[in-house]
Amino acid sequence: MEPFQVHAILNSLALLSFLAGAYQAKKHDLKRHHLFVYSAVGLLTLGVAYMLYTIGGVPSSHGKLGLFVYLYVLFAATSGKLFLGRKLKREQHRLIAITAVLLLALQILFGLYLYVL
Ligand code: HEM
């Protein structure tokens, strides 16, 4: 299997795990929400770090945009902590998290378009 295929699979699994996490938040199951969100962050970290290690830098615009999306996803995870600490409102955390999932979905679609199709 090519490194970019491993990278794409890990990142796509991360998106699925985020979607499962959002579903658990809707069901008010906080334990499962955290389980899926932390798994997603772990999968995305592996997917991005593996590619950075393989390429040894960030030469492509796909990679630069990907790093931005990764940082935004970390920001969204932090916003959950801020919401629990009552520093953010539920709606604010929701908006930040939905934006992160949309950015990740777009980045995956761009990746598929650029390197697979
Ligand atoms: C199905 C989805 C994806 C595919 C097919 C894909 C494919 C690739 C390929 C082929 C490279 C190597 C580019 C090169 O040789 O210069 C790469 C690099 C990279 N990708 Fe992805 N990617 C996908 C999703 C993502 C996502 C979701 C992120 C981040 C959120 C991401 C972040 C990166 C980074 C940081 C690099 C390394 C730096 C660089 O090449 O500039 N990718 N990806």
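1. Two residues count as in contact if their C-beta atoms, placed from the backbone, lie within 7 Å. Helices are DSSP runs of H or I with at least four residues, strands are runs of E with at least two, and both are numbered from the N terminus. A residue is buried if 20 or more other C-beta atoms lie within 10 Å of its own, exposed if 12 or fewer, and partly exposed in between, again with C-beta atoms placed from the backbone. On these terms, the buried residues of H1 pack against H2 and H4.

2. The model is predicted: local features need pLDDT of at least 70, side-chain atom pairs count only at pLDDT 80 or more, and totals for chains, interfaces and linings use all residues. Residue numbers start from 1 along each chain as its sequence is written.

3. Overall fold. The protein has 4 helices and 0 strands, in the order α-α-α-α along the sequence. Its radius of gyration is 15 Å, close to the 13 Å that the globule rule gives for 117 residues, so the protein is as compact as a globular protein of that length. That radius is taken over C-alpha atoms, and the rule is 2.2 Å times the number of residues to the power 0.38. Along the principal axes, the C-alpha atoms fill a box of roughly 40 × 25 × 25 Å. Buried residues account for 21% of the 117 residues. Of the contacts between residues at least 6 apart in sequence, 62% join residues at least 24 apart.

4. Helix H1. This helix has 24 residues and spans 35 Å from its first C-alpha to its last, close to the expected 34 Å. The expected span is 1.5 Å times one less than the number of residues. The buried positions of H1 are His7, Asn11, Ala14, Ser17, Phe18, Gly21 and Ala25. An α-helix has 3.6 residues a turn, so residues three or four places apart point the same way. Leucine 19 also belongs to H1, but is partly exposed, with 15 other C-beta atoms within 10 Å. Leucine 19 and valine 37 are 18 residues apart in sequence, and their C-alpha atoms are 8.7 Å apart in space.

5. Helix H2. With 26 residues, H2 reaches 37 Å from its first C-alpha to its last, against 38 Å expected. Phe36, Val37, Ala40, Leu43, Leu44, Gly47, Val48 and Met51 are its buried residues, and they pack against H1 and H3. Just after H2, glycine 56 takes a positive phi of about 75°.

6. Helix H4. The count here is 26 residues, with a reach of 37 Å from first C-alpha to last, close to the 38 Å expected. His93, Ala97, Ala100, Leu104 and Gln107 are buried in H4. The buried residues of H4 pack against H1 and H3.

7. Nonpolar core. A nonpolar core is a set of buried Ala, Val, Leu, Ile, Met, Phe, Trp, Tyr and Cys residues joined through C-beta atoms within 7 Å. The largest one has 16 residues, of which Ala40, Leu44 and Val73 touch the most other members. Helix H1 (3–26), helix H2 (30–55), helix H3 (61–84) and helix H4 (90–115) each supply at least two residues of this core. H2 gives the most, with 7 residues. Leaving out residues up to four places away in sequence, valine 73 touches Val41, Leu44, Ala100 and Leu104.

8. A residue is near a molecule if its C-beta atom, placed from the backbone, lies within 6 Å of it. There are 25 residues around the ligand, and Phe4, Ala8, Gly63, Gly66 and Gly111 come nearest. H1, H2, H3 and H4 are the elements that give two or more residues to this shell. By class, the shell holds 16 nonpolar, 9 polar and no charged residues. For this tally, Ala, Val, Leu, Ile, Met, Phe, Trp, Tyr, Cys and Pro are nonpolar, Asp, Glu, Lys and Arg are charged, and the others, Gly among them, are polar.

9. Backbone points to check. Most residues other than glycine have a negative phi. Histidine 28, in the loop between H1 and H2, has a positive phi of about 60° although it is not a glycine. Arginine 86, in the loop between H3 and H4, likewise has a positive phi of about 60° without being a glycine. Histidine 28 counts as exposed, with 7 C-beta neighbours inside 10 Å. Arginine 86 is also exposed, with 7 C-beta neighbours inside 10 Å.
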